[in-house]
Amino acid sequence: MTTAEFGTHKWGMVVDVDKCIGCNACVIACQAENNIPINTQDRVERARSISWIRVERYWEGDFPDAKARFIPIMCQHCENAPCEPVCPVYATYHNSEGMNVQVYNRCVGTRYCANGCPYIVRFFNYWEPVWPESLRNHLNPDVTVRSRGIMEKCSFCVHRIRRESRNARSAGVEIADGAVQTACSSACPTSALNFGNFNDPDSKVSKMKEDKRHYTLLDQFGTDPNVIYLAKIDADKKVGAGEAATHG
Amino acid sequence: MKLNRREFLALTGKTAAGAVIFAACGLPERELIVQSPVDLPEDLVRGEDAWYATSMGGFSNGDGVLVRVMQGRAKKIEGNPDHPVTRGKATARFDAVLQLLYHPDRISNPQLRYSKTGNLSNISWDQAEERFANALKNADGALTVVTNPLRGHLGSVASKFAAQYNGKHMAFDPVEQGVLHGAVKSVLGQDQLPTFDISNAQTVLSFGADWLGTWGSPTQFGVKYGEFREQHDRGYMIHAEPRMSLTAAAADLWLAPVPGTEGHLALGIASVIIDEGLVSASNVAAFEAAIPGGVSNVTLDDVAALTGVDADRIKKAAERFAEHTPSVAFGGGSAGAHTNGSFNLGAIYALNILVGAIESKGGIISNPGSAIDDVPASATGASFEAWEQEIANWRAGNVETVIIRGADIVHGMPNSVAIREALEHVPNVIAFGAIHDDTMDFADLVLPEETFLESWGTEIPEPGPGYQVVGTQQPVVGPTISQDESGLVSDARGFGDTLLAMSDGSYGRDMESLVRGALSDLHSTGRGSVSAASASLFTNGALQRGGWWDTDNNGSSSVGRVATSAQGANYSDTDTLGEGNDFHLVPFVSNSIFDGRLAAAPWAQQTPDPISSASWSTWAEINSIQADQLGIKEGDVLLIRSTSGEIEVLAYPHPGVRPGVIGIPMGQGHRKSGRYAEDRGSNVFSILVDEKDSETGALAWAATRVRVQRAGKRVKVPKFEGNVEARPIEPGVPVLVVGVGETAVDAQEANHHLYQKQFLGERKESGDDE
């Protein structure tokens, strides 16, 4: 159990790559939850699609030994985030709950933050988001629709955290471990994505991140992410053999 | 008191400041933080939401879902944590259904075509009902009701309605499951499809079925897969399929047999197990009794030569399957879509006899029949052979009225049956649907249909979880008014309600009363997941939870024999197809738009395919080495020609395809289906040849051979791959992989040493050490 008081959590995610099947359930759940504009064919072809979480696929080997490796990547919510100090208007900052937050109203669209992010998880709205009128019915009223010229990225579904925190405070109870789930972790059928409070030593994610397979992406940059990965297991891989370069 | 302007401003300024100071003193610190201007609007969530439990109907195996509704609008679809099939989880298709509900091209009114060559005109529901009644009166027994395979009350109503008018009810599924149902019936003696205890299996051996993506019950199987990998030694998964599907990619060992030889591969695995004495003699005897002719003539070398799978791989799979138990084997999809499909699937399911996996922990678990009388718990499409006969009847003018719902038969039928011409010979074609599809181009009367989010029903998932389940479906939103208050987005009615309104009333008044009546009957049984003092409370309880289930009511099986159908596969000819190279066509169900039923939803269109990462298009997957040999590059427009026709697709070479095989996704190539799907990509169904499974008459949709020719032009494949630069954790290593028991630190260190060795070695050889 964790307290509902603001600022006492450190929200984070543990991604068990060994369980990720690349199904993209997380991608669409995020799209629906966060009012992300439709990635039209034109946007996809121009490499301008917006996807707060993506599943990257890499090939290893050739037929018949070909293997496809999947890895979901979203904002890593770094403790030492390279995107934060470069923003001239403090549109992106680190809050007291471990999250890298984007204030849309402040963003003036310099894109310095995107240039600074080594994970390429920040997306710029090159166009005004357009939905046919009837499709606006499914927009989530908890989440701001971003306009042209604004940077956006994974928020760890901060509105869900706030809703659950508020409900817990109103009820005078603590937030139970697992009560707050991001849209992606909620959808993930294999539970490859796990969300929770790293400040609670008894939380599921705190225990998972102690797994001997844990690592962080681009550790050499010292960004100290709040997204922890558990390495893919290959039953045929010889221990200590090293992994040859992949392609795709 | 008279104040000048300066005095007024000074006074109001002091008053305001005082008010602020006073208010701030009374606020706890956290409220000030919440109201800080650096917070997002997302920090200030205030609206109240409601979550309703319902079932997804034909879009996802009857999965139980929760729908988030705010201010009368559906906002999100998530798995229902209480539901025994979904257990709170989802697929990439769940939320896309929202866009069918609010689709900008949703049919708003009943529409009538006054003559076969005329256009559709809006009419009122009264006029539509009059037309409908006349069509039924004129039919006089010459009536066919065509639907997607329907379980639950909707299936019951459709069948009874057809029977009332002396007509017939036929289900259409472009990806036929009849072979699977036949194999399960003959080998396991089960009417309902079984489920698989993947969570507790040590070894999973699957053939052809993309069970983590699109086959069977992907949500249920996905959850079980997660549990399978959580086991102490993580389990071992073997998958056989000519093209690497999402499921094959998750496997520890991928076998890529020649299409149509999956049954022989299964027998090859069995022969290794028997020859090496890996299972008990009684299991061997039971297995051989189930296989006509036994496996005494099967040799590993022959199987390796026939299937194109290396003998060592077959041996490895066999030993793992037999030695690391509990094991379970199952198959479907392309493995059953051959002229010898019944043999293939029969041999695959019989492997469970060999390892004692039937009705055991970690093995195959039967599903029981329906908990409600007259309500089907199992459904499958009519065989292609039956459809050919039926369509011939239409063409001959023997059928007066055809009612179509949930089945885009013009898109889903191969060219060989000439469905368009046949429909032109039916005097009354009545089509239900939410968005205009290809079949409606041939409809005389088009009726706007409510989606599952707006209508009542029940749904029995197939495969279920191993015990009786009745999922409830309830309207979670009302009719949608457009934003500018100009009127209803759609004046739709439920398919079941419309049929019941046109019926004699002997089998129900409306769908809601049928659902409530069925729940009342379940209450009277006194068993299951909901207990309440009254039927009314029971009904509310079931609707709140999304259904009723009884974990104590299980299925049973009795081992039979594999059908003695042809063991060898036949393929279509390519001799007369002009220039090009021959390939074996393996169509596959799209992970997002499925067989085309979700093509209208832009979220489904934009979702990257898990393997190719392509979207919004139809592409062809071919082996990358073979593509190099043939000079085919990514984006080359390929002409895919069979004896049934020709389509254009974009080449996408990758290493995960067997050479000689070409994989093409289903679901695109609609002439209609709304602005997001219309005239997009190509329809692979159209070029399938009319080969059939010799036992069931089902369409052998993976038995088509095609000739592939470059069209001489190249376009960009709309794909996600390459949009983002790969950022490897170590040069050349984007995804960290560890061996069993290896730590991430050790693996990273080993990768680093390997890279240094390779890098320094290369530099040394090239003499540029400095």
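Predicted model: local features only at pLDDT ≥ 70, side-chain atom pairs only at ≥ 80, totals over all residues.
User: What makes E11(A) and strand E26 (residues 737-738) of chain B a pair?

Analyst: Two strands pair if DSSP finds at least two bridges between them, and strands (E, at least two residues), like helices (H or I, at least four), are DSSP runs numbered from the N terminus. Two bridges join E11(A) to E26(B), running parallel, so they count as a pair. Residues are numbered from 1 along each chain as its sequence is written, and chains are lettered from A, ligands numbered from 1, in the order in which they are written.

User: Why is strand E9 (residues 203-207) of chain B called mostly covered?

Analyst: Five of its five residues are buried, that is, 20 or more other C-beta atoms, placed from the backbone, lie within 10 Å of each one's own. Thr203(B), Leu205(B) and Phe207(B) sit on one side, with Val204(B) and Ser206(B) on the other. Why two sides? In a regular strand the side chains alternate between the two faces of the sheet.

User: Which strands pair with E9(B)?

Analyst: Strand E10 (residues 236-240) of chain B does, in the parallel sense over five bridges, and so does strand E12 (residues 327-331) of chain B, also parallel over five bridges. Val204(B) has bridge partners in each: Met237(B) in E10(B) and Val328(B) in E12(B).

Methods: Buried ≥ 20, exposed ≤ 12 C-beta atoms within 10 Å, placed from the backbone.
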